Amino acid sequence: MKVSKIFFSLLAPVSAIIFSLGVGAIVLLIVGINPLDAYGQMVSFSADSTSFASSINKAVPLYVSAVAVAIGFQMNLFNIGVEGQYLIAAMFAGWVGTNVVLWGPLHITVIILTAVIVGAIWAGIAGALKVTRGVNEVISTIMLNFIAFSAIAYLLANTFSVESESLNLSTGKLPDSALLPNLNFLITMFGFNEPRGIEIPGFLVIAILLGIAYYVLVWRTRFGFELRISGMNPGSARMAGVNPKKMVFYTMLLSGGVAGLIGLSTLMGKLGAYTQDFPRGIGFTGIAVALLGRNHPVGMALGALLFGVMDRAALVLKLEGIPEEIVVIIQGVIVLAVVVAYEIVGRIVAAREVTAAAEALKASNGAEVAA
Amino acid sequence: MSRVLSRPVGILGDGDSATLWHSGTEGASHRQEWVVADNGRAVELIAITKTYPGVIANDKVNLSVGLGEIHAIVGENGAGKSTLMNMLYGMQIPDSGEIKVRGELEHFRSPKDAIAHGIGMVHQHFMLADNLTVLENIVLGFEPKSGMRIDFDGARKKIIEIGSRYGMTLDPDTLVEHLSVGQRQRVEILKVLFRGATILILDEPTAVLVPQEVDELFDNLKVLRDDGVTLIFISHKLDEVLSVANSITVMRGGKTVATVLPQDVDAGQLAELMVGSELPVPETTASTVTDHVALEVRNLTHRSNDDRTLLDDVNLTIRNGEIVGIAGVEGNGQSELIDALMGIIDPETGSVLLNGEDISTRHTIDRHEAGIGIIPEDRHRQGLLLSAPLWENVMLGHQSQAPFVRGPFIDMKGTRSATEEVVERFDVKTPNIDVPAHALSGGNQQKMIVGKEMLAEPDVLIAAHPTRGIDVGAQSAVWDELRAARQGGLAVLLISADLDELIGLSDTLLVIFDGKIVASLDPGDVTPEILGSYMTGVKVAS
Amino acid sequence: MTTTTREPMVEMDGGKQKWSKWGLMLVIFLVSMIGLSAIQEIAGTSQLTSSGTWGAALRLTVPILLAGLGGLYSERAGVVNIGLEGMMIAGTWFGAWAGWQFGPWWGVAFGILGGAFFGLIHAVATVTFGVDQIVSGVAINLLAAGAMRFLSVVTYTIGSGGGATQSPRIQGFIQTFDIPLLSPFLQSIEDKEWFFFSDTAGMLGGFTTNVSWLTVIGLLAVPITTWLLWKTAWGLRLRSVGENPWAAESLGVPVMRMKYWGVVISGALSGLGGAYLVLVQAGIYREGQTGGRGFIGLGALIFGNWIPSGVLAGAGLFGYADALRLRQASAVHALLLLIAVLLAAFALWKLYQKSYTAAVSMGVFAILFYLWWALTDEVATEVVTATPYIATLLVLSLASQRLRMPAADGIPYRKGEAH
């Protein structure tokens, strides 16, 4: 029973990945490239410590992004605004980090808090609009993304920026007390080579803690229970005493707050500042990872790792003259394929559950049959 | 000698295009002629049987409707009226029996077939698009065209013509959302007339109308009938039926009970036929009713957005150790009463008191905590989480209290053991407490719901249709539980459409009609006639 | 007949309005032009009404308009399509490629097909498989962006004139036209700088000089859509599917098929919008060219209350603001004064309608805008860039209760399911 449970939960994502790799293979064939060759290169390239560190580096913010999106998904709220929320949160956090210098751990805490609060506020705008004026959160969060981009551009150019050698606008480098240590020792500990030029971000620890906190919150607290039932069956949730408006607003705040954490991996790591180069697009890819991992803390971690590995492996393709964008295509197809797969598998599983329960009952006393 | 019945021209089987109407010279000029076979009945249903898993919806039902008459089908909820009409309209296919329309044997596979034979149905829940105009709703799928373009002028003319012919005038260019309920119903009727229907089926047409609209509707129906249209309508409101029908068929429990003429019966007799001449005899046990009032409702009034009265100055009291039953046909305010008691809707006026304390402004969760338990009327939509395991279902309504939570966290041990207790004590047949709720049978789902509420030891229990759709074994188990709890001092509000249940369990029997409590009866000596009359809005001489 | 009280008989003749529709529009036009001229005098700029500005505004309006109309077809059929951006991107790429390979009008054709292809994917996912519409839209955006990048890398090899992020120049260009005697005449009046007349000449000049034929096609899409959706049987069925698919099904309308049509057409129109960006303005494909116009189109759709002429108005507004920003920064500054005046006018109107709270709040905003204009010399470009998004958000917040999206928009539909 347990084994089949695991089998079915993996069935959809795995089949979607295989399907997407297949589509990728077809595309490669059409343009005259041997897919086995390409995939083979990707695999061998990934299997070294630098690649490993790089994959983790990319995976960490993706995971946090997925968790932020998943919180909303639990009650069918679409926070597409994660992109804008994390960027604006990171910028403010960068500025605060540079200008408000405190003793070690306190400094780090303040930076993290700033990011969380700014992210929460930005998402809260959409939440408030939904609850008070009935504005659909999909549109409002998308609009807020663009407004965030403009706000960031303005503030970076005028208020927040700092003299720097390059033409790259920046909030200024964070003092060392604000940077998190790199965790490359985890690799060297086991006798592998030191990763070159890349480090495992200290933020990994926080990301893992976040995953645990997410699990506990959603599945082991009253709030999480009410969150999930609001998504499962709003009618039953209402009868059970859930206040729908409060739920929407708090969920958006929470989702935005977590989104704020996304950029900290980079901010408090190698980059050390918020610049115009700050990595973008993590908000949208996070949606893909959340879907792939079905909002499950471990599933999303695996999904984030997969996407991180794929992003890293894409580099080798470039060296071999294979367009690395095939990876983006595969990732895009994964998103579509996995939601279709979950639909199909979900129906199969539901049917099985009914017959299994009926049989189990028949075995025990033969009285009731599922109606 | 065959009778000739005329029908409007322009009907085509597939509805993809419609020829333009052409007018003739006489009164019924634009109609085509149907030729009807000898016996001249508009509709004959002969020994129609239809079963679903576990229930016989129609059991060798016979129905005979004459040409150009208004024929009413009456019965309680679940009597099988709607199922029967669905088959006449082609929405379902009978398991056995014959359908004859105008003397010809027919086999309808879909509503399109029925429409092609001049049958139209006006559903209880209107199928209208608010944001489209009257004209657009009427012609949809049957548009008169010239090339690609819709012939609006032609359609408009026809609609106005049919409308004025039968006294149902409407501006074809108004948006449906601006129409009153009565007007919307006219659109539905015009929809079927536009497609050439001469046999109209109306399902509970007066359920959503205010009294003036009912009068207008009946005037329209009479004009239609006088013009040769055959009308079949389903209703449970006997006064209305008696005032307008030419003949009446009574159904009960999936069978036809009688066919009568309105001049031969009065409302009381009709009610008796509907409800059955034998009511269960309540058990004579010692009364457990105490003096302490657990729940009191005062002057509860609520109106809908379009100004219909849903609750009309409702007053009731329930004492500890008492089961107060509310009888009534569904849709007369029961759902709104439950929502008001649970804090889901906020009534315009009135108050709810629990143990003397006014809880009218408290949130739903607070009411759970204060000791109100609820068995909701629709367990799938309000009472269960179908895809979640049993132990999560048991938490519904109690997720703010021990043993399910400790502080902000869920107490897994407490929850699981509470669930085990529910399963054990209330005989919920399940392999374990981790199966999803949808895997349980209806009866076991209900037992679980009853059990989880009882476990919380409420002061007041609202039980809405507690044994609907469950097997007999589970039903008696639930009844035993309610009785035992009553003995222990529980106050119960029992809302049900099952008269056996109401009479067997209630200490006091109220009747609700049109949002108002119209009677308070003693279940020990109520007669079917009186009960049925109150339930159907007939004024009873006191 | 009983003599119970009835609702008054509704007018049978459709009701003659006091002002005919065209007359009203003429009045609005005259008032606006006079207002704009006055503001220009006060603000000291001529850019608000120059032919250059209006010409640019027209060119910037069309892609947004096409995306918005695309959204219209889809949502009127009940399917939310936020993948418009991705479909537009496909339009830009295929438009440029075919334009480079074969010629500009081939670019138009391929742009449409490219957009329609992604529309088809969206339709299959949402209509046939019942996947959540938002999720599918987001996925399509990701997929399209990546796929176009991939295609660029593969197709535009070294030496072709293009690269990973842009295409080579298209062959030829789409013809533009002037109106023979009118254009120079208008230009001469514009040059004279007469109050009101020069400004009107400027606006008319912008609309009639150097206009691309593709622009005309794009604009024609508005009346064509209006006719198609409101005057034909096909259009009525499409709209019914978005308002009440169960009612439509009960009347024999093929719901699934209509939804497919709506979504594929929305892809095609977005693709056309993308092709327009390449063929009329840039001449090449550049990554990121669409710049969120797919989403702005969605904003125009909502602003326009899901009606084609409304979408045009919304797109026009965004296009105009965009044009001002590009032409001259000071012009945007003058716009602040314009907004202040408009808000003041609205406030007075609300006062007339006796909605005091609305009048007061609008009055306050009018004053704030006036102060903003008076106390600053220019408006930061970033603020201007954000205007369409802020405007959409404002419109949604203020009017969500009164906007009328198709009733069954976004609701997944399973055949035969009673509601």
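This is a predicted model: local features need pLDDT of at least 70, side-chain atom pairs count only at pLDDT 80 or more; totals for chains, interfaces and linings use all residues.
## Chain B at a glance

Let's start with the overall build. Chain B carries 17 helices and 26 strands. A compact globule of 542 residues would have a radius of gyration near 24 Å, and chain B comes in at 26 Å, so the two agree.

Take the contacts in chain B between residues at least 6 apart in sequence: 70% of them link residues at least 24 apart.

## The nonpolar core

The largest nonpolar core runs to 400 residues. Tyr63(A), Ala90(A), Val338(A) and Ile462(B) are the residues with the most contacts inside it. Helix H15 of chain A (residues 326-364) supplies the largest share of this core, with 17 residues.

So who does Ala90(A) touch? Setting aside neighbours within four places in sequence, Ala90(A) is in contact with Ala115(A), Gly263(A), Leu264(A), Leu267(A), Tyr274(A) and Phe278(A).

## A look at Ser212(C)

Over in chain C, Ser212(C) sits in strand E2, which covers residues 211-212. Is Ser212(C) buried or exposed? Ser212(C) counts as buried, because 21 C-beta neighbours lie inside 10 Å and the cut-off is 20 or more.

Beyond neighbours within four places in sequence, Ser212(C) makes contact with Ile174(C), Thr176(C) and Val280(C). Gln281(C) is 69 residues away from Ser212(C) along the chain, with 9.8 Å between their C-alpha atoms.

Conventions:
Residues are numbered from 1 along each chain as its sequence is written. Chains are lettered from A and ligands numbered from 1 in the order in which they are written. Helices (H or I, at least four residues) and strands (E, at least two) are DSSP runs, numbered from the N terminus. The radius of gyration is taken over C-alpha atoms; the globule rule is 2.2 Å times the number of residues to the power 0.38. Two residues are in contact if their C-beta atoms, placed from the backbone, lie within 7 Å. A residue is buried if 20 or more other C-beta atoms lie within 10 Å of its own, exposed if 12 or fewer, and partly exposed in between; C-beta atoms are placed from the backbone. A nonpolar core is a set of buried Ala, Val, Leu, Ile, Met, Phe, Trp, Tyr and Cys residues joined through C-beta atoms within 7 Å.
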